[in-house]
Amino acid sequence: MTTHYLVLSALLFVIGGVGVLVRRNAIVVFMCVELMLNACNLAFVTFARQNGNLDGQIIAFFVMIVAAAEVVIGLAIIVTIFRTRRSASVDDVNLLKY
Amino acid sequence: MEPAKIIEHAGGVIGVSWLLIALPLLGAAVLLLGGRRTDRFGHLLGVATAVASFVVGVLVFLQLLGFDPAERRRVVPLYDFIPGLVDPMGLLIDPLSISFVLLITGVGSLIHIYSIGYMAHDPNRRRFFAYLNLFVAAMLLLVLADNYIGLYVGWEGVGLASYLLIGFWQHKPSAATAAKKAFIVNRVGDFGLAIAIFIIFTTFNTVSFAGVMTSGADASQGSLTAIGLLLLLGACGKSAQLPLQSWLLDAMEGPTPVSALIHAATMVTAGVYLVTRSGAMFFPEGSTAAIAVTIVGVATLLAGAIIGTAKDDIKKALAGSTMSQIGYMMLAAGIGPAGYAFAIAHLITHGFFKADMFLGAGSVMHAMNDEVDMRKYGGLRKVMPITFATFMIGYLAIIGFPLLSGYFTKDGIIESAMEHNATLGWLAVLGAGITGFYMSRLVFMTFFGKKRWEADAHPHESPAVMTWPLIILSAGSIVLGGYLILGNRFMTFLAPAVGLPEHLPSFHPFSVAGLVTLALVAAGAALAWFKYGAGEVPVTAPRGSFLTTFARRDLYGDAINEALFMRPGQWLTRLAVFFDNRGIDGLVNGLAAGIGGTSGRLRRVQTGFVRSYALSIFVGAAILVGAWFVVGNL
Amino acid sequence: MHYWLSTLIGVPVVGALGVAAVKNELRAKQATLGVSLLVLVLAAIMAVQFSPNGDKFQFTETYDWVPSFGIHFGLGVDGIALVLILLSVVLVPIVVLASWHEADKGKRSVRTYFALLLVLEAMMIGVFAATDVFLFYVFFEAMLIPMYFMIGSYGGAQRSYAAVKFLLYSLFGGLLMLVAVIALYSIADKGSFMFSDLVGSVQDVGTQKWLFLGFFIAFAIKAPLWPFHTWLPDAAAQAPAGAAVLLVGVLDKVGTYGMLRFCLELFPAAADYFTPLVLVLSVVGIVYGAIVAIGQTDMKRLIAYTSISHFGFITMGVFAITVNGASGATLYMVNHGFSTGALFLIAGFLIHRRGSQYIKDYGGVQKVAPILAGTFLVAGLSGLALPGLNSFVSEFMVLIGSFETQPVYAIIATSGVVLAAIYILWMYQRTMNGPTADSVREMKDLNVREKWVLAPLIALIVALGFFPKPLLDVINPAVTDSISQVQHVQKASVAQEGQ
């Protein structure tokens with residue numbers, strides 16, 4: 001049975017989503033995003049097993065690669081912002097508006 | 001007798017009759033493109049091309065005379081102008097067109113020669129001759145074209161030349177305005193002519209005179225009448241007939257030779273040519289269109305004469321007279337075959353005596369520092385004997401003094417009008433009486449009485465280059481009428497082109513109408529003598545009665561145009577501009593502003609807070625998922 | 001296999017790259033002039049080989065472009081396209097010479113201006129030569145880009161407003177056309193965008209009407225037809241004189257060309273159905289444009305409004321569905337390019353000298369600059385369709401052709417000849433006649449370069465006035481073919497009513 005895996009994946013996704021919405025620290029928001037991605041990965045792998053083919057597993061690899069790339073750029077941005085602003089709160093970075 | 005068939009021709013001088021048009025056109029092109037380089041010989045070249053064209057005209061005339069009368073309508077194809085409409089464009093050489101050719105090039109050459117002297121001190125004399133040449137070319141195209149579109153090209157070409165020449169002294173605002181007015185009023189007439197041509201083409205599937213003549217029978221009466229009336233509108237514009245007369249008096253702003261050539265002898269008579277040329281087809285005797293022509297003619301001959309009685313400006317008085325005389329021609333042209341010969345004969349003699357008098361007036365103005373107010377003339381007969389003598393001949397010719405040109409031709413018109421319709425006839429007689437008055441008034445005020453000159457005026461006789469044309473023109477004014485009319489010489493000559501009436505008129509020297517005319521003319525002249533010859537002429541014009549004001553203000557023609565067309569037109573223009581800026585463009589800009597405003601509100605959503613973006617993504621995703629559930633469960 | 005048309009498009013594109021690369025501004029200008037003259041010569045050689053009574057499209061070249069959608073790079077010309085290409089290639093060198101110092105004063109790159117001119121030339125040739133509907137659409141839209149920059153970067157004080165208005169209007173129409181093009185492709189179901197494949201492929205009248213509207217609105221905005229016209233006065237008044245010539249002289253003709261080529265041939269039944277509407281818009285445009293022109297105070301705007309009046313004549317001629325009308329309309333497109341082009345250029349020379357577009361700032365120029373005034377008068381007289389000058393032939397043909405089928409509209413339109421006399425002569429009087437205004441007393445007459453700019457235009461205006469036959473011989477067979485579809489529909493409906 002793969003239902004449990006899917007439920008776990010959904011739970012992880014919701015935790016990540018709520019984290020993104022409510023947390024202010026950029027690092028935590030970032031980790032929550034990763035959590036959502038990994039929840040998706042889990043779902044992909046589960047479906048791959050359920051359907052008996054490898055498509056989902058391959059996509060999971062793609063997601064991991066994208067996530068890795070994203071981490072590199074995202075962390076770099078966060079570090080730069082922290083250096084200039086002495087804060088990692090996402091609410092302090094609101095100049096890009098209107 | 002019906003007009004003769006038009007046959008194709010090649011060879012001889014007629015074969016190269018395009019030279020008639022090409023020569024003056026070449027002259028104009030050289031003078032206009034050559035610029036200041038041609039200043040030195042510009043006037044000579046201008047005269048040379050006009051005279052050369054006259055020589056070609058005479059040769060063409062002689063060759064035409066060599067043919068049997070029934071074969072005197074020759075068409076010379078030139079080239080394909082507009083495939084499907086005018087192919088080929090050709091020249092029609094027949095007694096009617098050659099009469100005009102000789103008049104245009106003959107009188108035209110004399111006026112060219114005169115202008116050498118008249119314009120001697122003008123820095124732009126070369127340009128003047130270029131325009132004159134252009135005019136001659138366009139006028140020749142008008143009368144020689146073998147189809148209505150070619151005629152239309154010439155028709156507007158002379159309009160252009162007239163525009164350029166009226167506005168020749170264009171630094172004067174009055175001249176520029178007069179030129180523009182002439183062109184625009186003419187365009188109103190051209191509007192009619194153009195639509196007439198459209199109907200002709202759709203009805204007959206051709207615009208050539210020959211084609212229209214041969215395929216005429218199967219047209220409906222309605223379209224024939226419409227064509228006739230629209231052609232008349234065109235003729236009214238060009239020939240300054242009511243209701244499109246208003247431009248001619250203003251056109252006197254142009255140099256005097258222009259007034260003589262264009263606004264007296266040739267261009268303004270184009271309307272008469274048009275009616276005569278189309279006569280057999282679109283103005284058959286007794287048709288609505290023909291009746292309209294006679295009515296317009298009579299109305300204008302009276303209106304012009306009345307205007308002539310009150311003008312103090314010598315050129316405007318003559319212009320009123322021109323209107324009136326063309327009214328006579330139109331009247332005759334509307335009568336039908338019985339009148340065509342008289343119309344054209346009067347046109348030719350009028351070309352001579354009116355050109356003579358205009359040039360005479362020019363000679364007077366030349367002597368009087370360009371003064372045109374006759375109240376400041378007086379007693380000029382002694383200082384300008386040649387001008388005086390030639391002017392007197394023109395004067396006697398126009399009032400119809402027995403045995404001079406006008407006597408024969410105008411009397412012919414009155415007689416045939418009498419026969420056609422007595423009311424029209426008597427109105428024409430009345431017009432002749434008024435002519436006697438206003439022309440006598442003009443002559444007495446100018447040449448007789450006391451000197452009323454300005455202090456700095458030193459009148460002198462004009463140079464020979466100006467007086468010789470006067471002498472030749474006055475000679476024509478004496479003999480031409482009798483030569484053309486007696487023995488119906490001109491009528492039989494013209495017959496192949498316009499047809500003959502059922503019975504030929506015979507000349508009665510002592511008909512009732514003729515005698516009454518003479519008596520009225522004498523009475524008019526006598527009245528003028530008592531008022532202006534014997535009496536004192538005040539230097540400033542007295543206020544005069546209501547009637548005088550009426551005539552002085554051109555029968556309120558300008559006031560009517562202004563109230564009826566100009567003011568509402570200006571109002572309409574302002575309204576349209578306002579509507580365009582505020583209405584259409586306002587709508588467009590309003591739409592743009594609306595979209596811009598909405599976007600301005602909407603962009604406030606972009607707060608810059610990452611978490612609010614995340615929330616909206618989340619809400620959007622939730623809505624999508626929710627919608628999917630709802631739709632999926634339906 | 002010919003390569004004429006692809007060469008004609010390729011040469012200016014390559015030329016544009018070259019011009020953009022040249023460092024020296026003078027060299028760039030000379031190179032532009034050289035390239036445009038080369039194109040003119042090539043086009044002339046090609047035109048001589050055109051046989052009027054041969055195949056409908058000649059010099060055809062077809063290459064697959066996007067094979068999966070049946071999109072081709074298809075080129076070919078018939079008589080209509082040929083004369084319009086000739087119009088474009090004649091005007092471009094003239095405009096190059098006229099714009100010699102146009103970009104000098106501004107802060108923008110002079111080389112870019114001339115490179116844009118050449119790109120525009122390539123696009124103009126392409127749009128007339130396209131025989132693939134999709135390719136036509138691509139050129140139709142691509143044409144906007146160089147013109148947008150020419151107005152927006154090199155124009156007058158309100159250039160950005162004018163440029164954006166121009167672009168938005170055209171894009172709006174273009175997108176409607178794109179929808180119609182795609183719909184036409186899928187409804188026709190031929191798997192090809194080639195014009196020849198699509199002709200006659202939509203038979204249903206209701207569908208035709210919608211597709212017709214999609215194309216027609218795009219063309220009506222481009223032409224522009226009343227009431228879609230308000231972008232033109234702004235764009236033409238703000239554009240540099242040379243760009244205004246190409247904008248009004250050639251770009252707008254794409255609209256009327258499109259009506260004749262696409263609306264009539266692809267959707268004959270719809271064209272027949274919408275004829276009354278188009279004629280009303282045309283006649284309103286003729287009279288309205290003329291009246292608004294009379295009321296203008298700005299020379300360039302005045303000329304732009306006269307063009308709106310003239311475009312009314314062109315569309316009326318197209319939708320009169322007669323050979324005379326449509327031939328006249330096609331000839332009108334060419335003649336209008338020359339006469340209005342000349343007017344814009346001369347107005348540009350005047351404005352360059354005095355620094356004002358307003359008529360009231362002039363007066364008595366004739367006295368100080370007689371040659372300039374003379375050319376202005378000739379161009380103006382051509383604008384009011386004086387016989388003996390080019391526009392007369394086309395205007396008369398349009399009117400006579402319209403009168404054959406639509407006498408009432410033709411008569412109303414003929415009143416335009418009176419109004420034309422008023423707006424042209426009044427403008428001439430206010431600028432050139434009267435006492436010389438102090439502000440123009442020092443004005444110089446045309447210099448040698450300007451004379452060379454105007455000489456060919458004036459020569460063409462006069463020559464085509466007396467001898468339009470060479471063009472008409474090329475136009476007539478093509479036009480006869482173009483309107484035959486609609487005539488067929490008309491005959492069928494008459495026959496149906498008869499039964």
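User: How do I read "buried" here?

Analyst: Buried means under 20% relative accessible area, exposed over 50%, and partly exposed in between, with a 1.4 Å probe and protein chains only. Take C:Arg261: at 2% relative accessibility, C:Arg261 counts as buried. C:Glu265, at 3%, is buried too. Before going on, note that this is a predicted model, where local features need pLDDT of at least 70, side-chain atom pairs count only at pLDDT 80 or more, and totals for chains, interfaces and linings use all residues. Residues are numbered from 1 along each chain as its sequence is written, chains are lettered from A and ligands numbered from 1 in the order in which they are written, and side-chain values use heavy atoms, with hydrogens and water left out.

User: What joins the side chains of C:Arg261 and C:Glu265?

Analyst: Start with the idea. Side chains of opposite charge can pair when their charged atoms come close. A salt bridge here is a side-chain nitrogen of Lys or Arg within 4 Å of a carboxyl oxygen of Asp or Glu. C:Arg261 and C:Glu265 meet in one, at 3.4 Å from N to O. Both sit in helix 11 (residues 241-266) of chain C, 4 residues apart, about one turn of the helix. Salt bridges that share partners link C:Lys56, C:Asp78, C:Arg261, C:Glu265 and C:Asp481 into one network. Helices (H or I, at least four residues) and strands (E, at least two) are DSSP runs, numbered from the N terminus.

User: How many salt bridges are there over all chains?

Analyst: The count comes to 24. One of them pairs A:Asp91 with B:Arg611, at 2.7 Å from N to O. That pair crosses between chains, from the segment after helix 3 (55-85) of chain A to helix 24 (residues 610-633) of chain B. A:Asp91 is buried at 19%, and B:Arg611 is buried at 18%.

User: Which parts does the C:Lys165 and C:Asp234 pair tie together?

Analyst: C:Lys165 forms a salt bridge with C:Asp234, with the closest N and O atoms 2.6 Å apart. C:Lys165 is in helix 7 (residues 159-188) of chain C and C:Asp234 in helix 10 (residues 231-238) of chain C, so the pair ties together parts 69 residues apart in sequence. Both residues are buried.

User: How do I read paired strands?

Analyst: Two strands pair if DSSP finds at least two bridges between them. In chain C, strand 1 (residues 58-66) and strand 2 (residues 71-77) run antiparallel, joined by 6 bridges. C:Glu61 has C:Leu75 as its bridge partner. The two strands form a hairpin with 4 residues between them, and C:Gly70 in the turn has a positive phi of about 70°.

Strand 2 (residues 74-79) of chain B runs antiparallel to strand 3 of chain B, with 5 bridges. B:Val75 is partnered by B:Leu92.

User: Is strand 3 of chain B buried or exposed?

Analyst: Strand 3 (residues 89-93) is mostly covered, with 5 of its 5 residues buried. B:Met89, B:Leu91 and B:Ile93 lie on one side, B:Gly90 and B:Leu92 on the other.

User: Which chains share the most contacts?

Analyst: Contact means heavy atoms within 4.5 Å. Of the 2 pairs of chains in contact, B and C share the most. Chains A and C have no contact, and their closest C-alpha atoms lie 22 Å apart.
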